[in-house]
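Here is a short briefing to read with the model open beside you. Take a look around first, then come back for the details.

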Amino acid sequence: MKKNAADIWEDLKGQVDFLSEAGAGFVLKTEGNADRGGPPPESPRLEATASPLPSLAGLPAQTAAERKALEEIDKQVLVCRLCPLHRLRTKAVPGEGSRSAELMFIGEGPGRDEDAQGRPFVGRAGQLLRKIIAAMKFHEDEVYITNMVKCRPPDNRIPHREEEEACSPYLIRQIELIRPRVIVLLGKTPTDWFLPSRQGMTSRRGHFGDYRGIPVMPTFHPSYLIRNEGNREIKRMVWDDMQKVMALLGRK
Ligand code: SF4
């Protein structure tokens with residue numbers, strides 16, 4: 001898609017803003033400074049691949065049938081009522097971005113703005129995530145952004161384990177079909193799911209884990225950065241983590 005001057009300016013501005021806030025002036029230099037109506041239809045139950053789950057590394061390129069399967073997941077999510085979260089949602093949020101993305105971001109769950117629009121990461125934290133993506137030299141259409149649960153938990157509470165378990169087959173199938181080269185886990189909820197540990201996020205962030213042959217990088221959730229807006233150290237840590245992801249993807 002051809003970008004107009006305003007789009008290009010917004011991309012550059014987002015990149016510069018994030019890098020500047022993260023204290024990455026040296027990077028700037030090298031960059032040239034540059035339903036609530038009637039009951040929904042019955043949800044089909046999506047089965048996750050039987051355990052143990054096979055490695056996804058080195059599989060052949062995605063097929064047309066697999067791209068079609070991803071569209072089917074979106075349709076199933078939109079009418080899903082496998083867990084109680086469907087009762088209070090306005091719109092379910094399957095995810096968005098490239099269906100053959102080499103980089104996938106997984107957050108916790110939709111918030112108020114996401115619930116209203118049916119799109120992931122469109123609120124304030126989402127705007128920051130999109131700045132980070134631009135700073136990583138990716139266009140947001142190139143990556144895939146989704147969440148552990150596809151419907152908004154009330155009052156933005158942390159999803160319950162049963163809700164994550166009910167929703168996880170959708171996420172697992174998305175990963176299996178997209179087969180990203182790297183996954184970034186945004187915050188404690190997805191990190192606890194993929195890389196269970198008793199350690200806090202400060203210890204776990206910045207260290208690659210493994211999900212079926214795919215490197216997974218835990219880092220802080222953008223909303224945590226916003227809650228700690230004046231803390232440059234947290235921004236620096238997130239930027240360090242993203243630089244490791246960029247290096248693995250050959251984007252540095
Ligand atoms: Fe279905 Fe997931 Fe929404 Fe629960 S959160 S109703 S499992 S799509």
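How much accessible surface does the protein have, and what share of it belongs to carbon and sulfur atoms? The accessible surface (Shrake-Rupley method, 1.4 Å probe) comes to about 12400 Å², and 52% of it belongs to carbon and sulfur atoms. This is a predicted model, in which local features need pLDDT of at least 70 and side-chain atom pairs count only at pLDDT 80 or more, while totals for chains, interfaces and linings use all residues. Residues are numbered from 1 along each chain as its sequence is written, and side-chain values use heavy atoms, with hydrogens and water left out.

**Overall build**
- The protein has ten helices and six strands, taken as DSSP runs (H or I, at least four residues, for helices; E, at least two, for strands).
- Of its 252 residues, 47% count as buried, meaning under 20% relative accessible area with a 1.4 Å probe and protein chains only.

**The largest cavity**
- About 90 Å³ is the volume of the largest cavity, a cavity being a set of points on a 1 Å grid over the protein atoms alone where a 1.4 Å probe fits but cannot get out.
- Cys80, Cys83, Cys151, Cys167 and Tyr170 are the closest to its centre among the 14 lining residues, which have an atom within 4 Å of a point.
- Helix H6 (residues 161-178) gives the most to this lining, with three residues.

**The ligand**
- The ligand sits in the largest cavity, with more than half of its atoms within 2 Å of the grid points.
- Residues around the ligand (a heavy atom within 4 Å) include Leu82, Leu85, His86, Arg89, Lys150 and Ala166.

Terms used
On a 1 Å grid over the protein atoms alone, a cavity is a set of points where a 1.4 Å probe fits but cannot get out, and a pocket is an open set with protein on both sides within 12 Å along at least five of seven lines; lining residues have an atom within 4 Å of a point. Grid points are joined across faces, edges and corners, and a volume is the space filled by probe spheres set on the points. Buried means under 20% relative accessible area, exposed over 50%, partly exposed in between (1.4 Å probe, protein chains only).
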